[in-house]
Amino acid sequence: RAQVIGALEAVLLCGAGQSVETLVGWRLKNNVPIAEFYGKGDPQINYLADLSRDNSVMVRRRFMQCLARWIKEMDGADLYEQEVRLMPYLVSGLTDDDDSIKQLVLKYLDSLGQIHIDMNEDEYKERIEYGYMDEEAKDRALSVQYPPPFKGRPSFAARVRVRQHFRALIYPIAAELESWFAKERMQSAKLLELLLIFTEEKATEFAHQILPAMAKASDPESRCLSAQVARCAHVFANWVPSENYMPFALSKMKQDALNPLGQRTQYTLLLVPLLEGMRQPG
């Protein structure tokens, strides 16, 4: 499998970047081949997801190396279309069971972020030269403990590179978390926590999507999922000002015809980690 990854790595860097869509089983919404109506369509298999969960540490490490190289060296036109499909798998490597892979992925994200900064120097020059006091203030404002391999906030470069894809990724993540029948709710919750760590206060404009998704996934019958969602809520509340979500959350806990008991229970469970994660005034 590691050798296959090596072959794919080279092929996609030779002008075959569009093949990423095949590797993730992607196609346009509402675009279902006629053959599938008769049970003869091609199966949609997400090969990248399978590789990210491979039982072999060696294969998973090789896969992370491949992803990082694709994002670094892929042709500009292909990368513009495909980076948003590749980045979630690289970021998810930060939750790998192997500590060395976590450290490797964080190193890759720092490097890729710096490449992005260097290529867009004019856009970030002022922030880098004069924003250090703001960065120090945010370092002090961090009141939640991030999971390993983080020892604090990610680098500015890594945050910029990852968070540019938050807008595109929050929609499928929220849909997955809100679906009772979704197979990957835990993986989506883990990815949401990581994306919130990189996105910080920039997640504020998506609070109306994030909050209902976290509430739906606050399932008292699934302790592991609820615990993971609580970690998401801690990070969310640390960076997003409470006035942007607390009135909405409290409104969902009121006893009226529009708020069934199940929904009130979900938001009540979510309220605890939100309060725990909120920054202290000043």
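In this predicted model, the side chains of Glu-135 and Arg-127 are joined by a salt bridge, and their closest N and O atoms lie 2.8 Å apart. Arg-127 also meets the side chain of Asp-134 in a salt bridge, where the N to O distance is 3.8 Å. Side chains of opposite charge can pair when their charged atoms come close. The count of salt bridges comes to 21, whereas the count of disulfides comes to zero.

**The network around Arg-127**

- Arg-127, Asp-134 and Glu-135 belong to a network of salt bridges that also links Lys-138, Asp-139, Arg-153, Arg-159, Glu-200 and Glu-201.
- Glu-135 is buried, since its relative accessible area is 16%, and this is the residue whose salt bridge with Arg-127 has its closest N and O atoms 2.8 Å apart.
- Arg-127 has a relative accessible area of 28% and is therefore partly exposed, while Asp-134, with a relative accessible area of 38%, is partly exposed as well.

- Asp-99 counts as exposed, because its relative accessibility is 53%, whereas Lys-102 counts as buried, because its relative accessibility is 14%.

**Cysteines without a disulfide**

- A disulfide is a covalent bond between the sulfur atoms of two cysteines, and the count of such bonds here comes to zero.
- For Cys-14, the closest cysteine sulfur is the one in Cys-66, and the two sulfur atoms are 12 Å apart, so they are too far from each other for a bond; the cut-off for a disulfide is a pair of sulfur atoms within 2.5 Å.
- Cys-66 is likewise in no disulfide, and the cysteine sulfur nearest to it, 12 Å away, is that of Cys-14.
- Cys-14 is exposed, with a relative accessible area of 66%, whereas Cys-66 is buried, with a relative accessible area of 1%.

Terms used. Residues numbered from 1 in each chain as written. Predicted model: local features only at pLDDT ≥ 70, side-chain atom pairs only at ≥ 80, totals over all residues. Heavy atoms only, no water. Salt bridge = Lys/Arg side-chain N within 4 Å of Asp/Glu carboxyl O. Buried < 20%, exposed > 50% of the residue type's maximum accessible area, 1.4 Å probe, protein only.
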